[in-house]
Amino acid sequence: MGILECASGASIWRGYDYFKENKVKNIEEIRKGIFSAKVKGSSSEEYSIELDIDHPRKSKCNCPHADGKRIVCKHIVATYFTVFPNEAETFYEEAMNYQEKEERRQEELNDKVIKYVCKMKKADLCQSLLELLFDGPEWQYNRFIREHGVDDM
C-alpha cells in the first residue's frame, strides 16, 4: 500500500493544498526511500516529517493529529507530493475526471427521475409524496407545511 492508500481523503486534499502552497521545506533524502522535511502547518507551526516511501505507516509527523500514531497526515502527504510532483498532478487529474463523470451521471439520473415523475398518474404521485413526507426526515415535513401554508387551512 502506498502513501495515498493509507491517508484519509481529507488528509490527501489538505496535503495537496499544502503542496500547491509550497509549505514543504528542507527536503532531504536521509536514506534510500526515506525523506525528512519541515512543513509549515495551518497555525504557522512547523512540523518535522519523516516520509518512508516503502512503509507508509512508518512515516512520522509531530503534528497533534499524527504524533506517536501510525497515521498518514496532511503534512506527510504534502511531503510526498513535493518529492513526487507527478503523483500530485496524477491525483488531481484523476479526482477531477472522477468528479466530472459523477456530475454527468447525476445529471443523467436527474433527467430519468424527472421523466419518470412526469409520466406518473396523479394517485401514484400523491402516494409517493405522502410517503416522502411521513417517512422522511422531520425537517422535510415541516418545510412542506411552512411552504404550502397547510397549518393556515
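Buried means under 20% relative accessible area, exposed means over 50%, and partly exposed lies in between, with a 1.4 Å probe and protein chains only. The legends below describe a predicted model, in which local features need pLDDT of at least 70, side-chain atom pairs count only at pLDDT 80 or more, and totals for chains, interfaces and linings use all residues. Residues are numbered from 1 along each chain as its sequence is written, and side-chain values use heavy atoms, with hydrogens and water left out.

View 1. A salt bridge is a side-chain nitrogen of Lys or Arg within 4 Å of a carboxyl oxygen of Asp or Glu. Helices (H or I, at least four residues) and strands (E, at least two) are DSSP runs, numbered from the N terminus. Arg-14 is partly exposed, at 32% relative accessible area, and Asp-17 is partly exposed, at 29%. The structure holds six salt bridges.

**View 2. A salt bridge between two helices: Glu-89 and Lys-20**. The closest N and O atoms of this pair are 3.6 Å apart. The pair links distant parts of the chain, with Glu-89 in helix α4 (residues 85-119) and Lys-20 in helix α2, 69 residues apart. Glu-89 is partly exposed, with a relative accessibility of 29%. Lys-20 is partly exposed, with a relative accessibility of 48%.

**View 3. A salt bridge between Glu-21 and Lys-23**. The N to O distance in this pair is 3.6 Å. Glu-21 counts as partly exposed, at 46% relative accessible area, whereas Lys-23 counts as buried, at 18%. Side chains of opposite charge can pair when their charged atoms come close.

**View 4. The largest nonpolar core**. A nonpolar core is a set of buried Ala, Val, Leu, Ile, Met, Phe, Trp, Tyr and Cys residues joined through side-chain atoms within 4.5 Å. At least two residues come from each of α1 (3-6), α2, β2 (34-40), β3 (46-52), α3 (74-83) and α4. Helix α3 gives the most, with five residues.

**View 5. The surroundings of Ile-76**. Contact means heavy atoms within 4.5 Å. Leaving aside neighbours within four places in sequence, Ile-76 is in contact with Ile-3, Ile-49, Leu-51, Ser-59, Lys-60, Cys-61 and Ile-71.
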